[in-house]
Amino acid sequence: MKPTQADNEVEEEHLLNFVVNSLGDELPIDLGEDVEISADELYEVLAGASAGGTSINHVCETTDESPHANTVRGHLTDQFDLDSVEAVGNTLLQRDALETLPDRPVEVVADLHLDPYYGDEAETEALYFSQAKRGTTAFHAYVTLYARVRNKRYTLAVRQLVAGETTSEVLAEFLTLLDGLDLRVKAVYLDRGFYNSGCLELLYAHNYAFIIPVVKWGETIKSELSSGWSRVIEHELAGRVTFPVFIDCVYQRGRYDEH
């Protein structure tokens, strides 16, 4: 006898239907009467590419009875602009996440993601340029904000970063968002992409406890970090902000020829 599925078990089909229905309600697509493809089919391809961390091309080529990739991209490009999609997507993320989070202070994390781009920069919009990494200085860049509870992520916002923008500008938006949410923040954790005087000033202005890795900019911090004992120092960055740096040293006992 085949065992019955538990009531609280979520299958892939259920999750796909949830995503497609949510997008259809908040971002309706007007395709007209003579178009053979449906809005649900467009969103199914988009959801498949997003969940699989792949492209619309790959989903269309590997899925039976899928529409052509150019058809999907064409309709989505005609219907939407990035700003409106970001706004609606973040509203949906916050609505569902805030209903799930526990009623107690949570840790909040901001991450900068740089996806290397190797194509023709002149033919591609919305690129972000940074220090060379993996053979290129051009990237598709995204910043995510999420709450962390018991090592589970609850995404609150996603923001694309393009040429001319800075991480401090995006962090200002995120911290303003946090101020307006019904959410108690225990501390904010940021990756090294936010290590600059602008971001540090914002964190102090919004009065959030924070942890961020130090980047070895300048001889002063390099000298401090080369000394071999654990301690707390005060460090000044760009002559604009002073903050405590916690240095945690571990005795290597000769491993890797280090002590």
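Author: Happy to walk through this predicted model: the protein chain has an average pLDDT of 87, and 96% of the residues score at least 70.

Reader: Where is confidence lowest, and where is it highest?

Author: The lowest mean, 84, belongs to helix 1 (residues 12-26), while strand 6 (residues 210-211) has the highest, at 96. Do take care with residues 1-6, where the pLDDT is below 50. Beyond near neighbours in sequence, that stretch has two contacts in the model.

Reader: Why is Arg-159 called buried?

Author: Good one! Buried means under 20% relative accessible area. Arg-159, in strand 4 (residues 152-161), has 12%, so Arg-159 counts as buried.

Reader: What makes the link between Arg-159 and Glu-173 a polar contact?

Author: The cut-off for a pair of N or O atoms is 3.5 Å. The side chains of Arg-159 and Glu-173 are joined at 2.9 Å, within that limit.

Reader: Which residues does Arg-159 contact, leaving aside neighbours within four places in sequence?

Author: Glu-173 is one of them, and the others are Glu-86, Ala-141, Tyr-142, Val-143, Glu-165, Val-170 and Phe-174.

Reader: Tyr-142 also belongs to a surface patch. What makes that patch, and of what kind is it?

Author: It is a nonpolar patch of about 200 Å², made by Tyr-142 together with Leu-93 and Val-158.

Note on methods. Residues are numbered from 1 along each chain as its sequence is written. This is a predicted model: local features need pLDDT of at least 70, side-chain atom pairs count only at pLDDT 80 or more; totals for chains, interfaces and linings use all residues. Side-chain values use heavy atoms; hydrogens and water are left out. pLDDT is the predictor's confidence in each residue, from 0 to 100. Helices (H or I, at least four residues) and strands (E, at least two) are DSSP runs, numbered from the N terminus. Contact means heavy atoms within 4.5 Å. Patches are made of residues with over 30% relative accessible area and no salt bridge: like charges are joined within 9 Å, nonpolar side chains (Val, Leu, Ile, Met, Phe, Trp, Tyr) within 5 Å. Accessible areas come from the Shrake-Rupley method with a 1.4 Å probe; for residues, only the protein chains shown count as cover. A salt bridge is a side-chain nitrogen of Lys or Arg within 4 Å of a carboxyl oxygen of Asp or Glu. Buried means under 20% relative accessible area, exposed over 50%, partly exposed in between (1.4 Å probe, protein chains only). A polar contact is a pair of N or O atoms within 3.5 Å; within protein, one must be able to donate a hydrogen and the other to accept it, and residues adjacent in sequence count only if both atoms are side-chain atoms.
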